[in-house]
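Here is a friendly note to read alongside the model. Have the sequence and the structure open as you go through the points.

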Amino acid sequence: MENNNKNKKEMESDISEDTSNNDEQHNSEDISDNEDSYNTQDSANVKHNKNKRKVHFVDEINPKRSKMELLKPPTAEELTNLQETQHLYKSHLFRFQMEEMLKSIRIKQKYKTIFETWFDKVKQVVGSLPESKELHLSASGDHLKTDYEGAIRFVRPENCTAVNMHRMFTVQETEIIVDVVISMPKVCFLEKDYLNNRYTVKCKHCLQYIRKKLQKAKLVDSKLAIYPTSQYALLQLTLPSSEKIKVNLHVIPAQNTFKLSRFEPDKSNLRSSLLNSFKDLDSNKIRDNGTPYYNSVLLHELTLAVNYEYVENTVQEYQSVKDAIQLLQLWQQKRGLHLNGFSNNLLNHVVLYLILRQKIYREMSSYHVLRNIWMFLHKTNWHQEPISINKNVSNDKFNMFRKYYDVIFLDKSDSYNLAAFLSLDVYMKVKNEAELALKYLEETDFIFELFKLNICPQVQYDALLRFKDVECANVYSTVEDSVKYKYIGCPQFLIIIQILKILKKGLSNRVLHIVPLEYNDIEGITFPNDITFGLTLNSANAFDNIEKGPPSNHPEGIEFRRFWGELAECRRFMDGSICEIVHFPTNTLHEKRQIFKKIIDFLVTKKLKLNNYQIISDVFEETLILENYVTPFPTGTGEEASLKVISVFDELSKILRGLTLPLSITGIQGASEIFSYTSLFPPVSTNYKWGGKMTSCPEDCIILKQKLGTIPKYVESIDCVIHLANSSKWPNDLNAIHSLKNGFYLEISKLLKEDHQIVSNIKLDCLYVFYEGLVFRFSLYLPKEVSILKKFTTLNGSTAFEETVQSVKIEKSLHILPKTIGALHGLQKQMETFGASTGLIKRWLRSHLIDECHISDIAVTLLNAYLYLRPTAYSRPNLPQVAFLRFLQFMMEFDCNLQYIVVDFNNEITKETLSDLDERFQTSREKFPPLFIITSYDMKDSLFSKSCAKETLKRMSLLAKTTFDYISSSFFKKNEVNNLLMPQSLNSIKELFIPNLEGYNLLIHIKPLMNPRRYQRLNYPNAESSKVQLEKYDKDQSTKMPVVDFNPIEKYLTELRQAYGNVALFFHDPYGGNVIGVLWNPAEQEEKEFKVSHVEGRMLKSNKLHLNTEAIIEDFYLMGENIVREIKLQR
């Protein structure tokens, strides 16, 4: 017993010490919102907390604590301790994930060996170069011009080093990039070689000479050596032994060759006569204005080796920092930030800055290092409060840099702005991405999306603006002279900045970020050919149809009219003010989503004077617009039709609640996806006439005639649920309850007709009401009916309750579904793109013949809702097309064996519930359906996705991958002006919605005129189509109940599945599809032994039972009489 107590005390002591050590580490690692509060607590406080936590831990396990003490609410200190424990848990979990991730993506040793072997040979060649060679500058075919003529004497380089060898150990999934620096002696340069491109031209000639020597030594393949069109003295090489390894070969002068102060932004080192792109500028004014960006290019080369060495020496002993840098670079690459001015060099200096300011410590875990870096990027504002590696930088110096640069981060020399080519919009995008990363870390315990998910531009930005063969002279002509002087020497960056300026001025607060994505070389010395910008819209203002300007009598008003031209007009507002505005008239949400495109069209054509451009944003939305469906009011992509239905439903609900019934109506809920704006084609209010060859009307209801050759258009009923006041008088017999429910339907129908002249029709289980040109289907929900269905008597005579098929069906359709629809309606109000994006997903999915039998509409809607509600590394989608593409990407990577879907609408699902569910899911996966979806209203049964088979999910994943890859490859085709996602290529987009019919065994072709939804079919190129004209609803002309929910194709499919569902699978597009794909069940095609249970659908052949496909096909014909046109046997 004593030994046990001793062991227990030792264990308690070890645990408490470990806990306190972890707390001490965490306190030293955490970072606050205020930059001054990054520092940790002092050692005395840590020691005090350590002892206190130890005693507190022992007290917690003391069994003698009273019940009242245990039930007391937690103190502030206990809540703080709990929060710290949660942070520690995240830190440890993150560390395990990070270690596994880095193992899988670290550079293989063979690549390190290849580079080191190659680099040793390069150093031998460079170290043995002859010194007597004279290099004539006239031999250069470079774009750069210089005022220096003659020859330079090549002197053997002082050294050759790989300044960032640590990048051989960092994460590079596609290629490995190493910077090699060759340092030339001071004697190779004259005192004023920094002027007029002399330095860069000399270095490039040295590079040419070195390249030839390396090529002679077979260390360089001439086909894989590239000189970028920039001012950097840079040669990009690909190793002959491995195309995965890229080397940037730099030639730089020895230290102290030039004074760095000579390159500060207010100094001028260029003349316009040497610049093809800036010949119109006055040389004297260039001297007065300075050449800040030309100077930055030179400073980058001059400080390259020194800065890299400083960074490497500082982080040498910080293993957690090294790991964090690897993940940061991966995070940076996945988002394309390293291509937009936020370079690896700048990122390394951010880490260096935090180390020097003691915001990062050696004892920190990688989790806290990353968190601190992201917090720093998110909270600081370099454009307002410049920072520097050196602590002793004066405000005067910062103010001098502010005159020339948008974003300022100085290196240790105080002369080089590391963020010189980082535009303000790109910087704000970096801040936003850091904020998203922090939020993602807080809301989830997994890091996949931050570091492994390829966030391509199509899903990262709401819209893409691409310029092809940019007419830079037109853009250059719009630039003010003062701006030209500022960017002299860097025409490519000037063009990008000017386009950004015009776009920002016109789009104003409609966009959050405009980020340049693709261009040749941001420091390029020639004008760019192609540029792509990514736009993130501001959902609060992007779709406003009025651009309000300043008062008309103000000078700003005159400038507003001058900028907008004929689009500007003067208007008086309700507050009496008279302001300049630009009005964009719209009728639908679809048109509102195109306002920003109209503005861009105006800015690009009128202000920038460019013609060859493309806006990639909403071409997929065209598939939601019925070309053959002429409605009495604009319906756009369906939102307006849904809104009209909801408005009419509210009116009818008010009438129903006002009826005098034995039990009052306490509530009416919508149970159709129309109420959540996710129905693909909501019904439209219109007149319904009868007569002719198709219909007649003997009473209040229109009926169909027999032997029709054409089926009238489909009329969809709108499901609704009625709740009655509670009563104890409901009988305990199901038949009696059903009779009473029908009695209520009769009474409601009678009162509607007598008091309000509203037509209705009663069925066994529902009431159809025709109101304002729409048909509503009302069902009564009685909790007692469900209770009786669940009730049964056990063998010992006691009463118990158990779910039955019928009780689950009623509970699902009349209780859980309306609640879910209500929550989805709320989601649509928060995210206006949700409904249209869900419609796009359904249009795509159903067009590939995956109908509701394979995965229900509500399950598809919940999958999309999950993408909107889950923690994600994306910003919210502001256009349906982006959400659709994200859904495709999600389905590509979704693994139903390892993942389940949690749709938590109002944060009602507790962490304990999820933890318990996760444990059961992992240990008993076979007990759950392939697609397991839980919601706030269905936490265990996944009622809406039980019918979805694993094969269906695999098919969806394959279709998603094929579609997404095709879109991505078409977007990134370099030599085509009109790519896939352009309005001109709408027919190409429609090809993505054409099903592949080659894999089916049978194709059942339906007579088009017997398809009541034929007008919903997507019109393919050269497809035959006829328009459907809907009249505006007139109460006097439409007084009869139309034929509702009549679709012979659906009835035919239901019969086929009931009769032959075990033999074959059936696929169909419910939105106008005229083909049913049939796929034989492979197990049923095998021959079987002769047994009575095996005889159905088979024939005897060689004493074995074989599937009688010919007889089954004949049955298909007979069951589809007057519907089926032909059945084709494919294989």
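**Notes for a new reader**

1. A search of the whole structure finds 37 salt bridges, a salt bridge being a side-chain nitrogen of Lys or Arg within 4 Å of a carboxyl oxygen of Asp or Glu. As background, side chains of opposite charge can pair when their charged atoms come close. Please keep in mind that this is a predicted model, in which local features need pLDDT of at least 70, side-chain atom pairs count only at pLDDT 80 or more, and totals for chains, interfaces and linings use all residues. Residues are numbered from 1 along each chain as its sequence is written, and side-chain values use heavy atoms, with hydrogens and water left out.

2. Let us begin with Asp530 and Lys468, a salt bridge whose closest N and O atoms are 3.9 Å apart. Asp530 sits in the loop between β11 (511-518) and β12 (531-537), and Lys468 in the loop between β10 (463-467) and α16 (472-477), so this pair ties together parts that are 62 residues apart in sequence. Helices (H or I, at least four residues) and strands (E, at least two) are DSSP runs, numbered from the N terminus. Lys468 is buried, at 7% relative accessible area, whereas Asp530 is partly exposed, at 27%. Buried means under 20% relative accessible area, exposed over 50%, and partly exposed in between (1.4 Å probe, protein chains only).

3. Next, find Glu580 and Arg561, whose side chains meet in a salt bridge of 2.8 Å, N to O. This pair links distant parts of the chain, with Glu580 in strand β15 (residues 578-583) and Arg561 in helix α19 (residues 555-564), 19 residues apart. Glu580 is buried at 3% relative accessibility, while Arg561 is partly exposed at 34%.

4. Where do Asp965 and Lys961 lie? Both are in helix α30 (residues 950-971), four residues apart, which is about one turn of the helix.

5. Now turn to strand β10. Five of its five residues are buried, so β10 is largely enclosed by the rest of the structure. In a regular strand the side chains alternate between the two faces of the sheet. Here Ala463, Leu465 and Phe467 point one way, Leu464 and Arg466 point the other way, and all are buried.

6. Which strands pair with β10? One is β12, in the antiparallel sense over five bridges, where Arg466 stands opposite Thr532. Another is strand β16 (residues 613-616), antiparallel over four bridges, and there the bridge partner of Phe467 is Tyr613. Two strands count as paired if DSSP finds at least two bridges between them.

7. Finally, have a look at Val155, in the loop between β2 (151-153) and β3 (159-162). Val155 is buried, at 18% relative accessibility. Not counting residues up to four places away in sequence, Val155 touches Glu131, Met184, Pro185, Val187 and Cys188, where contact means heavy atoms within 4.5 Å. Val155 and Leu129 are 26 residues apart in sequence, and their C-alpha atoms are 8.3 Å apart in space.
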